[in-house]
Amino acid sequence: MAVIYSQHYRGVLYEVRTAGNSRRLYTNGAFHTQYNPRHLFTGAVWDLLSLPVLCQQNRPRSLLVLGVAGGAVIHQLQTLCDAPEITGIELDARHLQLARSHFDLTYPNLNLIRADARDWLGECETRFDCIIDDIFLHGTSDPERTVAPDRDWFRLLTDRLTEDGLLIQNHIDRQSAKKAARFMTPGTILGLETDQYVNLVLAWYRHGNSAKALKRQMEQRLEALPRQETSRLRARAFRFSA
């Protein structure tokens, strides 16, 4: 693995490393993003964040991504949804700089904003068809969640969703996911995971069909994609409850 960018800034080490055609973003050694321009899916946790949009009957036209880092999930959403509007909120200004310069995050329909997600949501009046909650900062070795997935946070997120909106949350483990799922009622929750990571992603559909129907919709849309786009996908989707 080659290091193509390395810089200390205010006590934080930012690195971009390459492995073949893949680019990876590390902050103080914590792995934040993996992006390969030749493959839609990578077999990593970011696949789990984008797949739930395929379950919706109508694909989202406005998406909000909280926690951009290098923007791997935004690349996937751009292909899967072709949405007119994607907004990305990121606290770390250096992450946004690297996302543009090293991870090709320059779509004309993308608005990247440096802000604290909680503060920004509190002032935002726009509603989105899909919100992806992927807020993590660098920890001692792995990214750590900075906003507790409690009832207040869930209400703040869902207040910014459209009537049939979709909420997707990344959790570092099953315990965190179970705590968050207690507030996701009524509605249908899908859990998504992959063997390579301990993360568990929750997708909450306020007025969704059964988990079985949602999974079937996802599978049908994946089957319609070119095989080379899905060959690296290693995700499992299942009904999740607290």
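Predicted model: local features only at pLDDT ≥ 70, side-chain atom pairs only at ≥ 80, totals over all residues.
Trainee: How many aromatic pairs does the structure hold, and how are Tyr-26 and Phe-31 arranged?
Mentor: Rings of Phe, Tyr and Trp (its six-membered ring) pair if their centres lie within 6.5 Å, and planes under 30 degrees apart count as stacked, over 60 as edge-to-face and the rest as tilted. The structure holds six such pairs. With 5.1 Å from centre to centre and 20 degrees between the planes, Tyr-26 and Phe-31 are stacked.

Trainee: Which arrangement do Phe-31 and Trp-46 adopt?
Mentor: These two rings have their centres 5.5 Å apart. Their planes stand at 75 degrees, so the pair is edge-to-face.

Trainee: Where in the chain do Phe-31 and Trp-46 lie?
Mentor: Helices (H or I, at least four residues) and strands (E, at least two) are DSSP runs, numbered from the N terminus. The pair links distant parts of the chain, 15 residues apart. Phe-31 is in strand β4 (residues 30-35) and Trp-46 in helix α1 (residues 45-50).

Trainee: Is Tyr-26 buried or exposed?
Mentor: Buried means under 20% relative accessible area, exposed over 50%, and partly exposed in between (1.4 Å probe, protein chains only). Phe-31 and Trp-46 are both buried. Tyr-26 has 9% relative accessibility, so Tyr-26 counts as buried.

Trainee: Glu-90 is buried yet has no salt bridge; what is the nearest side chain of opposite charge?
Mentor: A salt bridge is a side-chain nitrogen of Lys or Arg within 4 Å of a carboxyl oxygen of Asp or Glu. In counting charge, Lys and Arg are positive and Asp and Glu negative, with His and the chain ends not counted. Glu-90 lies in strand β6 (residues 85-90). The nearest side chain of opposite charge, 8.0 Å away, is Arg-114.

Trainee: Which side chain does the side chain of Glu-90 join in a polar contact of 3.4 Å?
Mentor: A polar contact is a pair of N or O atoms within 3.5 Å; within protein, one must be able to donate a hydrogen and the other to accept it, and residues adjacent in sequence count only if both atoms are side-chain atoms. The Glu-90 side chain also reaches the backbone nitrogen of Ala-69 at 2.8 Å. The side chain at 3.4 Å is that of His-95.

Trainee: Where is the cis peptide bond that has omega of about -10 degrees?
Mentor: Look at the loop between α6 (174-181) and β12 (188-193), where Pro-186 is found. The cis bond joins Thr-185 and Pro-186.

Trainee: What is phi of Asn-28, and where does Asn-28 lie?
Mentor: Asn-28 lies in the loop between β3 (22-27) and β4, and is partly exposed at 31% relative accessible area. Phi is positive in this residue other than glycine, near 50 degrees.

Trainee: How many salt bridges does the whole structure have, and how far apart are the closest N and O atoms of Arg-174 and Glu-193?
Mentor: A search of the whole structure finds five salt bridges. Arg-174 lies in helix α6 and Glu-193 in strand β12, so their pair ties together parts 19 residues apart in sequence. The closest N and O atoms of Arg-174 and Glu-193 are separated by 3.4 Å.

Trainee: Which residues do salt bridges that share partners join into one network?
Mentor: Asp-195 forms a salt bridge with Arg-236, the closest N and O atoms being 2.9 Å apart. That pair links distant parts of the chain, with Asp-195 in the loop between β12 and β13 (200-205) and Arg-236 in strand β14 (residues 236-239). The network joins Arg-174, Glu-193, Asp-195 and Arg-236.

Terms used:
Residues numbered from 1 in each chain as written. Heavy atoms only, no water.
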